[in-house]
Amino acid sequence: ISENMSSPRKVFVYKCLFALTFWNHVSLLVENKLLTPVSNNFPEGGSDQNIKSLPLLYRNRHQSKASLDWVVMQNTTESLSLSKITNANVNKLVALLSNFRQGSRLKNLTLTNVSVDWNALMELFQTVWHSSIEYFNVNRVTQLSNIESYAFDYSGTSMKSLTVSKILITDLYFTQDDVYRIFADMNIADMTIAESELVHMLCPSSPSPFRYLSFLKNDLTDFLFQKCDNLLQLETLILQRNKFESLPKVSFMTSHMKSLKYLDMSSNLLHHDGADVHCQWAESLTELDLSSNQLADGVFECLPVNIKKLDLQNNQISSVPKGVADLKSLEELNLASNRLADLPGCSGFPSLQFLNIEMNLILTPSADFFQSCPGVRELQAGRNPFKCSCELQDFIHLERQAGGKLFGWPSAYVCEYPEGLRGTELKDFHLSELACNTTLLLVTALLLTLVLVAVVAFLCIFLDVPWYVRMTWQWTQTKRRAWHDHPKEQETVLQFHAFISYSERDALWVKNELIPNLEKGEGCVQLCQHERNFIPGKSIMENIINCIEKSYKSIFVLSPNFVQSEWCHYELYFAHHKLFSENSNSLILILLEPIPPYVIPARYHKLKALMAKRTYLEWPKERSKHALFWANLRAAVNINLPTSNENKCGETD
């Protein structure tokens with residue numbers, strides 16, 4: 001050690017020299033079998049901090065196992081851990097701890113597996129209370145004898161924190177005050193009694209210095225600390241995993257705790273049924289954990305008004321009622337694992353910054369959330385059964401506008417419905433603007449409908465569709481009446497070689513040229529003419545149809561006059577209908593005069609089609625060609641009619 005060495009380095013060297021000297025002496029004692037180590041849990045490192053927690057407990061080789069002679073280095077030990085404390089060695093432990101008077105370096109004591117009588121346990125606690133120990137931890141304690149009243153002296157203690165877990169009381173008949181009063185009146189800041197099947201705890205007899213109390217995993221009920229006025233300094237209260245049921249009673253319990261800031265009531269049996277029960281919470285309470293209970297929508301009627309952080313996950317909440325809760329200070333709200341069907345609004349939470357609604361029943365979250373909640377900096381809405389539809393498109397657009405406010409995006413946001421899109425991340429789901437914009441879709445559909453109606457109307461007018469519908473109806477009705485009047489007739493009997501259709505303006509040519517040359521020429525040709533063959537009493541339509549039906553051919557005398565005649569149009573339609581219905585070649589077209597295309601009306605589209613596809617006879621102007629014309633026409637209508645009609649040839653003028 002040189003004079004130029006720094007002070008911290010000198011201190012470290014002195015400690016090393018002291019430790020080497022000490023362990024040299026201990027090694028000699030062990031080699032001479034004068035000492036046997038009880039614990040040999042040496043620290044692995046060589047830092048000064050590790051040396052502070054070094055256990056230095058030995059049993060004298062010459063002593064019996066029942067009596068222990070403890071060797072303790074009071075000036076070097078800050079933490080001490082012992083196990084298997086029994087009635088056989090507890091007195092030695094009490095004697096050992098008596099050496100650590102206030103001012104000693106021992107601050108932390110941990111005892112594990114303690115099985116002693118009640119009085120011995122209290123004596124052990126009393127010794128610790130008057131020692132230099134500040135943090136006392138006891139794990140797995142079994143009380144063996146009957147519990148009796150003990151006058152515990154709390155004065156002059158250095159204790160700050162007591163943690164007791166897994167206490168087993170074997171005495172089934174005892175006065176509860178003899179146990180609970182000992183712990184309730186402890187004058188320390190922190191106390192934890194966990195996993196001990198604790199069913200009750202008394203209110204302290206006087207104003208208590210408790211700032212932290214934890215009764216984790218016990219059997220405490222709604223009767224705890226009711227009307228207790230002596231926990232005025234308590235800031236944190238942990239009552240997780242107990243058997244509390246009434247949320248209003250919990251609120252009344254806290255109403256006398258004027259300094260309470262954090263309350264953990266998770267994993268209980270809490271419920272709140274209606275608004276008839278008034279709740280009264282500590283005004284200082286800012287953080288409340290009510291997760292894993294049985295709370296429904298009514299919980300929002302019973303909450304601390306000044307709460308800043310609220311945990312309601314894993315309950316039975318289906319909606320956040322509007323106008324009920326007015327939590328102006330609430331900054332963080334956890335509603336995960338509930339039954340919510342949509343994002344809650346922020347009308348009652350104007351200061352909300354963090355919202356967790358994961359694992360609910362939200363199919364299509366509202367897209368106006370950030371508009372109603374402008375202060376929210378982070379929204380956790382993943383792991384919901386999202387339905388990928390047009391409504392969800394707005395929420396996806398919301399994420400792009402939110403600037404990273406959706407926590408867990410995109411991996412936690414996946415389509416659940418429809419089945420074909422299950423597993424698809426929302427960022428990869430897209431629909432066209434037309435498919436999702438209802439107004440645009442309606443306008444487009446309306447325009448298409450109007451266009452379709454206009455096209456149909458135009459075609460109907462241009463092609464005279466109503467006229468054709470009317471004619472089809474007439475044809476059907478005539479055929480139905482004919483079948484009704486003659487149901488046994490299998491087929492129509494042909495009576496004429498040809499039916500003549502012509503305009504009255506062309507009647508002179510028909511009567512002077514067509515009829516004489518066919519009926520009075522070679523062969524026996526029977527012609528059907530409306531003037532002589534229409535049956536009186538029947539409608540013109542019915543007569544036309546009957547004549548066409550009973551004629552082998554239909555001769556149409558075409559001219560500009562023909563296309564201007566309505567009746568000629570009827571006759572052409574019915575003849576054309578027979579052409580297709582009977583698959584027969586029954587039409588003969590005679591072009592008496594050339595017909596300019598612009599003269600033919602639009603509804604005569606069938607006539608245009610016939611003239612374009614079928615061969616027609618054109619009346620020659622030269623007389624030398626008339627004989628050939630009549631020969632061709634006779635050949636076209638030549639057919640053997642039934643015998644009953646053949647004798648009528650030439651009888652009609």
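Tutor: Happy to; here is a walk through the cysteine pairs, one after another. Keep in mind that this is a predicted model. A search of the whole structure turns up four disulfides, and three of them are described here.

Let's begin with cysteine 279 and cysteine 302, which are joined with an S to S distance of 1.8 Å. Cysteine 279 sits in the loop between β10 and β11, while cysteine 302 sits in the loop between β11 and β12, so this link ties together parts 23 residues apart in sequence. The torsion about the S-S bond is about -105°, so the disulfide is left-handed. Both cysteine 279 and cysteine 302 are buried.

Next comes the disulfide of cysteine 346 and cysteine 373, also with S to S 1.8 Å. Cysteine 346 is found in the loop between β13 and β14 and cysteine 373 in the loop between α7 and β15, so the parts they tie together are 27 residues apart in sequence. Here the torsion is about 105°, so the link is right-handed. Cysteine 346 and cysteine 373 are buried.

Cysteine 388 is joined to cysteine 415 at S to S 1.6 Å. This link is left-handed, with -85° about the S-S bond. Cysteine 388 lies in the loop between β16 and α8, and cysteine 415 lies in strand β17, so the pair bridges parts 27 residues apart in sequence.

Cysteine 528 is buried, at 0% relative accessible area, and cysteine 547 counts as buried at 5%.

Notes:
Residues numbered from 1 in each chain as written. Predicted model: local features only at pLDDT ≥ 70, side-chain atom pairs only at ≥ 80, totals over all residues. Heavy atoms only, no water. Disulfide = S-S within 2.5 Å. Helix = DSSP H or I, 4+ residues; strand = E, 2+ residues; numbered from the N terminus. Buried < 20%, exposed > 50% of the residue type's maximum accessible area, 1.4 Å probe, protein only.
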